[in-house]
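Please open the structure in a viewer and keep the selection panel at hand.

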Amino acid sequence: MKNYVITIARENGSGGRAIGEALAGRLGIPFYNRDILRMAADDSGINEQLFANAEKSFRNSLLFRVAKDAYNGEVIPPDSDNFVSNENLFRYQAKVMLGLAENESCVMIGRCADFILRDRPNVLRVFIHAPEEVRVKTLMKRASLSEAEARRQMRRVDKRRADYYRAFTGSDWRDAGHYDMCFDSDHMGQEKILRFIIGYMGVCFED
């Protein structure tokens, strides 16, 4: 099988990260999450914390249209006033993701990976969701939160992800049209989702 990439976008509390990690383990390929920030920092020389801060503090007031060459791995040079801008931080992450997709098979989670790699062959784009009440209970258990705290966290994180996606793609993060597969993790469960994806990979991504 040629190099392939599985991208996973997920609602907060849906179990998408655990599914991505398990999928990578079953397939024997790397799983990339925050590693992408570290790799982008190493490549750019920009402090990794700036990448992390940009993701956490993103606001609608910062929305802008990213130039098309950002999705080809082009970055803003160090002598530019915009070198450490949110756009260039995104560009460096896109560069890292494109490089990984070119050289190895892997699972990538979040960070608009589905959009950045949308025109590449052998990319499977997955979205994981679950009913709100199920996700609230998951977050309550995971972080020992009250129901009200869990609900606030869930909505805050989902809004941040939606805003980030719209800023850098101009599209709706939850739009099923951006994905090849969408799974309700509560309805199907992790094991069935893993078997479905692995089975699909074996049939459709063979040499």
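This is a predicted model: local features need pLDDT of at least 70, side-chain atom pairs count only at pLDDT 80 or more; totals for chains, interfaces and linings use all residues.

Residues are numbered from 1 along each chain as its sequence is written, and side-chain values use heavy atoms, with hydrogens and water left out.

**The nonpolar cores**

Begin by selecting V5, F51, F90, M108, C112, I116 and L117, which touch the most other members of the largest nonpolar core, a set of 37 residues. Such a core is a set of buried Ala, Val, Leu, Ile, Met, Phe, Trp, Tyr and Cys residues joined through side-chain atoms within 4.5 Å. Buried here means under 20% relative accessible area, exposed means over 50%, and partly exposed lies in between (1.4 Å probe, protein chains only).

Next, colour the elements that give two or more residues to this core: β1 (5–10), α2 (35–44), α3 (48–56), α4 (86–103), β3 (106–109), α5 (113–116), β4 (123–129) and α7 (147–169). Helices (H or I, at least four residues) and strands (E, at least two) are DSSP runs, numbered from the N terminus. Which element provides the largest share of this core? It is α4, with 9 residues.

Now centre the view on I116. Not counting residues up to four places away in sequence, I116 touches Y71, F90, A94, M97, L98 and R111; contact means heavy atoms within 4.5 Å. To see a second, separate core, select I6, I29, F31 and I128, which are among its 19 residues.

**The pair α2 and α4**

Two packed helices are described by the angle between their axes and the distance between the axes. For α2 and α4 the angle is about 105 degrees, and the axes are 9 Å apart. Axes are lines fitted to C-alpha atoms, for helices over the stretch in contact, and angles run from 0 to 180 degrees between N-to-C directions. The helices α2 and α4 are therefore roughly perpendicular to each other, a term for angles of 65 to 115 degrees (under 35 is roughly parallel, over 145 roughly antiparallel and the rest oblique).

**The aromatic rings**

Display the rings of Phe, Tyr and Trp (its six-membered ring), which pair if their centres lie within 6.5 Å; planes under 30 degrees apart count as stacked, over 60 as edge-to-face and the rest as tilted. The model has 7 aromatic pairs by this rule.

Select F90 and F168. Their ring centres are 4.3 Å apart and their planes stand at 5 degrees, so this pair is stacked. F90 belongs to helix α4 and F168 to helix α7, so the pair ties together parts that are 78 residues apart in sequence. F90 is buried, at 1% relative accessible area, and F168 is buried with a relative accessible area of 1%.

Then move to F183 and F196, an edge-to-face pair with 5.6 Å from centre to centre and 75 degrees between the planes. F183 lies in strand β5 (residues 181–184) and F196 in helix α9 (residues 190–204), so the pair joins parts 13 residues apart in sequence. F183 counts as buried at 4% relative accessibility, whereas F196 is partly exposed at 46%.

**Single residues**

Select T7 in strand β1. T7 is buried, with a relative accessible area of 2%. Leaving out residues up to four places away in sequence, T7 touches M108, A113, D114, L117, V123, L124, R125 and V126.

Go on to C112, in the loop between β3 and α5. C112 has a positive phi of about 60 degrees although it is not a glycine, and C112 is buried at 4% relative accessible area. N122, in the loop between α5 and β4, is likewise not a glycine and has a positive phi of about 55 degrees. N122 is partly exposed, with a relative accessible area of 21%.

Finish at A24 in helix α1 (residues 16–27), a residue that is buried at 3% relative accessible area. The C-alpha atoms of A24 and C106 are separated by 6.9 Å, although the two residues are 82 apart along the chain.
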